[in-house]
Amino acid sequence: MHIGTTLTNYIIETQRQIQGATGEFTGLLNDIAVACKKISDLVNKGDLIGVLGSAGSENIQGETQKKLDVITNEVFLEALAHNGHVAGLASEEMDEIYKLPSDAPRGHYLVLFDPLDGSSNIDVNVSVGTIFSIIKAPEGVTHPTTEDFLKPGAEQCAAGYCLYGPSTMMVFATRGRGVQMFTLDKDFGEFLLTHEDVKIPEDTAEFAINASNSRFWEAPIKRYVDECLAGKDGPRGKDFNMRWIASMVAEVHRILTRGGVFMYPVDEKLKANGQGGKLRLMYEANPMGLLIEQAGGACTTGRERILSLQPEGVHQRVPVILGSKNEVDRITSYHAV
């Protein structure tokens, strides 16, 4: 019986093509896969094991944490901190970077992660996910500082997400090697390759934005959305569909699968609260930006390429516009007018 290509086999075969590879990166991706399998099981069981609802606490961004935010964060720390593949970890759910126990073996990578993106949807059974970003630790550094994590997104070695929906899917990109999708066979217990070298169509007739913020949008975003809503009778000469899931993993997965554009721009409300954007550069924008670019799409703030930004802090927020290249380029050009 044909098994197919497992995530482990795929990584090993890719590693063989890289001169000087030691297997440490393979081990790290396996650690992440183990964490995601555990989280998938927790998400699927939900109320059966009492993990839904609020945890009664807030994260560093002042957002109410769900029980699963806290639990999945611990799952990720446990899966990655003790196997000798990382030198340090950073989580969206933690105020400071996580320093490994003094007796834990050190590796050559730093991992930043959002353990449960879209967790506001978890109680209503909408798809959520885990996002991760991998960068090289500075040579010889075994006790990294916050500054060691602050690398532009273009320097990521790899990034990806795990989507917990009707099926569980691991999607990742290594720099220069495209985007691959693996689907979890729960009976078999392995992620199997189901979509190879994913490409995003350059053109689309679908966009995603939180329309409830329309009264706060800047002029370029208002112009773009108004043109889309005008449909075939407007300046674009074609009808558009609008989507909004409020789970970035689900939004990006749809775009990788069939194209589209996703927007969470800066607006007057965010500016009034002293925020440069809604989404986190290090935990959301950078890893998703790498995936989108590796699949032939584009990812900008509306004014500049996200992967070129020099981070100022691990919890920095930025505007995000990503997806089909021609639409992202159009929106970016409107900001330049």
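**Legends: the predicted chain in overview and close-up**

**View 1. Contacts across the protein chain.** In the protein chain, 64% of the contacts with a separation of 6 or more join residues 24 or more positions apart. Contact means heavy atoms within 4.5 Å. This is a predicted model: local features need pLDDT of at least 70, side-chain atom pairs count only at pLDDT 80 or more, and totals for chains, interfaces and linings use all residues. Residues are numbered from 1 along each chain as its sequence is written, and side-chain values use heavy atoms, leaving out hydrogens and water.

**View 2. Helices and strands of the protein chain.** The protein chain has nine helices and 16 strands. Both are DSSP runs, numbered from the N terminus: helices are H or I with at least four residues, strands are E with at least two. The C-alpha trace spans about 60 × 50 × 45 Å along its principal axes.

**View 3. Buried residues.** Of the 337 residues in the protein chain, 57% are buried. Buried means under 20% relative accessible area, exposed over 50%, and partly exposed in between (1.4 Å probe, protein chains only).

**View 4. Cys157.** The structure holds zero disulfides. Cys157 is in no disulfide, and the nearest cysteine sulfur, that of Cys36, is 18 Å away. A disulfide is a pair of cysteine sulfur atoms within 2.5 Å. Cys157 is buried, with a relative accessible area of 18%.

**View 5. Cys228.** Cys228 counts as buried, at 2% relative accessibility.
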